[in-house]
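This briefing concerns two local regions of a structure, one in each of two topics below. Please consult the sequence and the coordinates alongside the text.

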Amino acid sequence: MDFHYDTLEQLLEAARRENCKLSSLVLLQQAKEMECTPQSIFDRMEHQYDVMTQAVQKGLEPGVRSNSGLTGGDANRLANQINGQKHLCGDLFTGALARAMAVAEINAAMGCIVAAPTAGSCGILPAAVITMQQEKSISKKECIMSLFTASAVGMVIAKNACLSGAQGGCQAECGSAGAMAAAAIVELAGGTPDMIGHAVAIAIKNTLGLVCDPVAGLVEIPCIKRNASGVSNAFVAAELALSGIKSAIPADETIIAMKNVGDSMHTSLKETGEGGLAATPTGKRIFQQLFGTDGAKGGQSI
Amino acid sequence: MNVFDIVGPVMIGPSSSHTAGAVRIGYVTGLLLGKPAVKAEIHLHGSFAKTYKGHGTDKALIAGILGMMPDDERIRNSPLLAEEAGLAVTIIPDSIPGAHPNTARIILTSAEGGQVSVQGSSIGGGNIVINQINGLPVEFSGQSDTLIILHRDIAGVIAEVSQYLGERGINISNFRLSRSEKGGIAIMTIEVDGKVEPFMNEHISGMPNILRSIALRLH
């Protein structure tokens, strides 16, 4: 079971051949690669999962406010909607939205998070997996294991495209996080390796071309809401794949497409704070309110 | 690359480059001073200068100077903690010609009057590169064990250090020397494959003509 992370298909084929979950294979391979025991790798991932869980809990409480004062409190609004049984979409879906925004708001408020794969997209994977634990009664152990499957997807994307908004736009951050989360959800729901592949492909296709245009260069507007949208994309992709719906374009080809789209994306749309929403009249006004008129651009953030 | 590069690092938000990387630059500077700082002059360049308030870059740098790492929950309260520790901080939005957009130059002074100046850039994902120490060009990331050694520019000093490491099975993966003038103060930066144990650094610190040696690992 020697494998690299060059293609997703190679990983899925190994899981089919061994007739086991992708996460177990990744755990063993990583233990070998890092020259330590599978248990110690699992324990370290458990720590990441615990940090994620704490970020969700803190973010759902009232009173969260970002360092700039621009954002905060929206996850709590969603939580109140659920608590009052006024939500439209059901506990699983609205719960996932609330959790994604909770973590993203904690990030903006200088709280502790796990970059997954980045700080800007840090709400998507925790929201997906913790929602599966809480709404579908999946064990914590399985949830932690699913992070290995998500990581494997992230590594394949990192090898063939990229994971930073500055290089590939938001598709590389929230898009990749959505694909990683979709893979984790499918595994937790008992899906096959094939279904994981299709879920990843569908998730990436749905965010292809998404630009990184943070207002005033800060990881807040639109990043926090894109975490909600990112986890919704993950559930859409997982639900479709679990129903047996296939992606016509294989996952590995969608990753290459993402790379090509990122390369042809204009610099103003890659985390420079110069294009998209950052360049709107309101986006510019917010920049001036925060940082004055000095300098035409809001700077970059990763 | 491993799974914890993808699901990780655990860090204080909001930005791996503007917050986590900034903590690391401050940390290296504090370590190089070697004693509690009483004065910090922080020059910010590029995106750091423009967005530091929104990203908490100032808080992150101060936290690092105080010895915190990127996952420390106290980072957001670091200005208050600095005040309590008797550290006076000045933040100066500046322009450093030719520097990476996310660059800080920090000048720290200790109660005894010792001083160190460090310039570092945050290059993405929380990774940093230190570009200058006391005005001398250097280049290291702290991703592997690194020795930073200030020494007198005298024949045999480098050989003695490298021989000591070699005898203990420590392989040097990268070496760089920088000096102000012939016979003046020089800085060796030595990145190695294995682990530099504290006793090794202490031994090197005690060698003749070594002014200061620190062992660093950020990841």
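Two strands pair if DSSP finds at least two bridges between them; strands (E, at least two residues) and helices (H or I, at least four) are DSSP runs, numbered from the N terminus. This is a predicted model, in which local features need pLDDT of at least 70, side-chain atom pairs count only at pLDDT 80 or more, and totals for chains, interfaces and linings use all residues. Residues are numbered from 1 along each chain as its sequence is written, while chains are lettered from A and ligands numbered from 1 in the order in which they are written.

**Sheet of chain B**

- In β11(B), Arg212(B) is the bridge partner of Leu150(B).
- Strand β8 (residues 146-152) of chain B pairs with β11(B) in the antiparallel sense over six bridges.
- Both strands belong to an open, antiparallel sheet of four strands in the order β9-β10-β8-β11 (chain B).
- β9 (172-179) and β11 (210-216) of chain B stand at the edges with a single partner strand each, so one side of each has no neighbour in the sheet.

**Helix α12 of chain A**

- Helix α12 (residues 251-264) of chain A has 14 residues and reaches 20 Å from first to last C-alpha, close to the 20 Å expected at 1.5 Å a residue (1.5 Å times one less than the number of residues).
- Ala251(A), Thr254(A), Ile255(A), Met258(A) and Gly262(A) are buried (20 or more other C-beta atoms within 10 Å of the residue's own, placed from the backbone; exposed means 12 or fewer, partly exposed in between).
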